[in-house]
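Hi,

Here is the structure we talked about. My notes follow below it.

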Amino acid sequence: MISVVSTAESAPTETGTPEPSLYRRIRRLFTRDLLVSLGLGQVLSLLICAIGLSSKFLAEDFHANTPVFQSFLNYILLFLVYTTTLAVRQGEGNLLAILKQRWWKYMILGLVDIEANYLVLKAYQYTTLSSVQLLDCFVIPVVLLLSWFFLLVRYKAVHFVGAGLCLLGISCMVGADVLLGRQQGLGEQKLFGDLLVLGGATLYGISNVCEEFIVKNLSRVEFLGMMGLFGSFFSGIQLAIMEHKELLKVPWDWQIGLLYVGFSAFMFGLYSFMPVVMKRTSAASVNLSLLTADLYSLFCGLFLFHYKFSGLYLLSFFVIILGLVLYSSSSTYVAQDPRVYKQFRNSRPAGDPSPLSPAILEPSVTYTSLSPESGDELPVQVA
């Protein structure tokens with residue numbers, strides 16, 4: 001078997017150059033790609049913040065508890081835009097061709113996504129807001145594990161440190177909520193609500209890892225079109241069974257209609273934009289970026305709902321951003337052949353005089369295998 005390793009690494013600097021200054025080190029860390037990735041992640045967080053605020057107004061001010069109907073509107077928009085786009089395509093990217101090849105996979109993924117949204121929204125009726133915010137972070141270890149085993153992503157120590165800082169930041173925010181007495185949503189069946197959150201977070205992790213694989217290997221439009229097709233179908237069935245009476249209780253007027261339109265627009269924007277960010281980064285990076293969404297909601301609540309302010313909120317924000325910077329500062333390995341990955345870790349690039357040389361950055365690696373009929377394996381080469 002011939003194993004090929006394609007790498008992207010920086011050119012070595014000249015030997016004998018003076019030690020770079022602190023300013024140059026910071027500038028080397030905060031590259032344009034890093035800043036763009038951080039910015040895109042915060043756009044997703046702002047969209048989630050807008051979704052949460054519109055949903056809060058619907059539930060508390062107008063007593064419209066219709067989470068399934070709200071998701072159904074989003075899936076309908078995805079169907080109208082992306083599923084119809086697949087329907088008019090030609091060739092292998094056509095809707096019928098995709099359904100013939102892998103319809104059952106998208107059906108399962110659609111069910112996973114629908115129930116993930118439903119479980120987390122339903123949990124607010126049984127447990128506290130702080131518990132939801134804290135336990136929802138369970139999606140991060142789920143994504144890391146699934147990416148390791150199924151996408152063969154290999155992480156470095158800096159990635160685990162960055163993820164740990166992000167979780168520490170969200171813990172500071174939850175601690176501030178407890179100190180300030182913000183315990184909305186407390187019910188008698190708190191354990192049941194906590195289990196709902198954990199179940200929803202697990203399903204979110206599965207959905208996000210599948211989304212990353214699809215957008216990086218197939219097509220963003222294919223993913224969104226299939227989600228629109230199966231999501232609208234199954235959420236429509238769930239809506240007819242579970243929420244048809246709740247819809248009759250909604251006091252419909254122009255304000256409620258405007259909130260539903262705003263919620264659907266923000267949700268559609270989130271679903272449409274997330275694959276773009278995920279293709280550029282990863283499912284783990286996106287979920288870490290989304291931790292700031294709760295903080296944006298709290299900052300908005302200071303003005304809209306007169307929440308009490310705590311300095312822990314600012315500390316939490318900066319700790320999460322620091323964790324994101326650390327996580328994004330180094331690339332991950334994507335090893336399609338685990339044996340090649342082990343060979344690479346035990347080898348050094350040609351021309352590198354020392355494994356500790358600071359002049360050469362560790363490359364981002366993608367592995368492929370060719371010519372399986374060959375009996376002897378060639379040594380790994382780093383281009």
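This is a predicted model: local features need pLDDT of at least 70, side-chain atom pairs count only at pLDDT 80 or more; totals for chains, interfaces and linings use all residues.

Residues are numbered from 1 along each chain as its sequence is written, and side-chain values use heavy atoms, with hydrogens and water left out.

The chain has 15 helices and four strands (DSSP runs: H or I of at least four residues for helices, E of at least two for strands, numbered from the N terminus).

I looked at helix α2 (residues 32-61) and two partners.

**α2 with α13**
- The axes of α2 and α13 (residues 292-304) come within 8 Å and cross at roughly 50°. Axes are lines fitted to C-alpha atoms, for helices over the stretch in contact; angles run from 0 to 180 degrees between N-to-C directions.
- The contact (heavy atoms within 4.5 Å) includes Gln-42, Cys-49 and Leu-53 of α2, and Tyr-296 and Cys-300 of α13.
- Its residues divide into eight nonpolar (Ala, Val, Leu, Ile, Met, Phe, Trp, Tyr, Cys, Pro), four polar and no charged (Asp, Glu, Lys, Arg); the others, Gly among them, count as polar.

**α2 with α14**
- α14 (residues 311-328) packs on α2 at about 135°, axes 10 Å apart.
- This pair is also oblique.
- Leu-34, Leu-38 and Gln-42 in α2 meet Ile-321, Leu-324, Val-325 and Ser-328 in α14.
- That contact has five nonpolar, two polar and no charged residues.

Best wishes

Definitions and conventions:
Angles under 35 degrees count as roughly parallel, over 145 as roughly antiparallel, 65 to 115 as roughly perpendicular and the rest as oblique.
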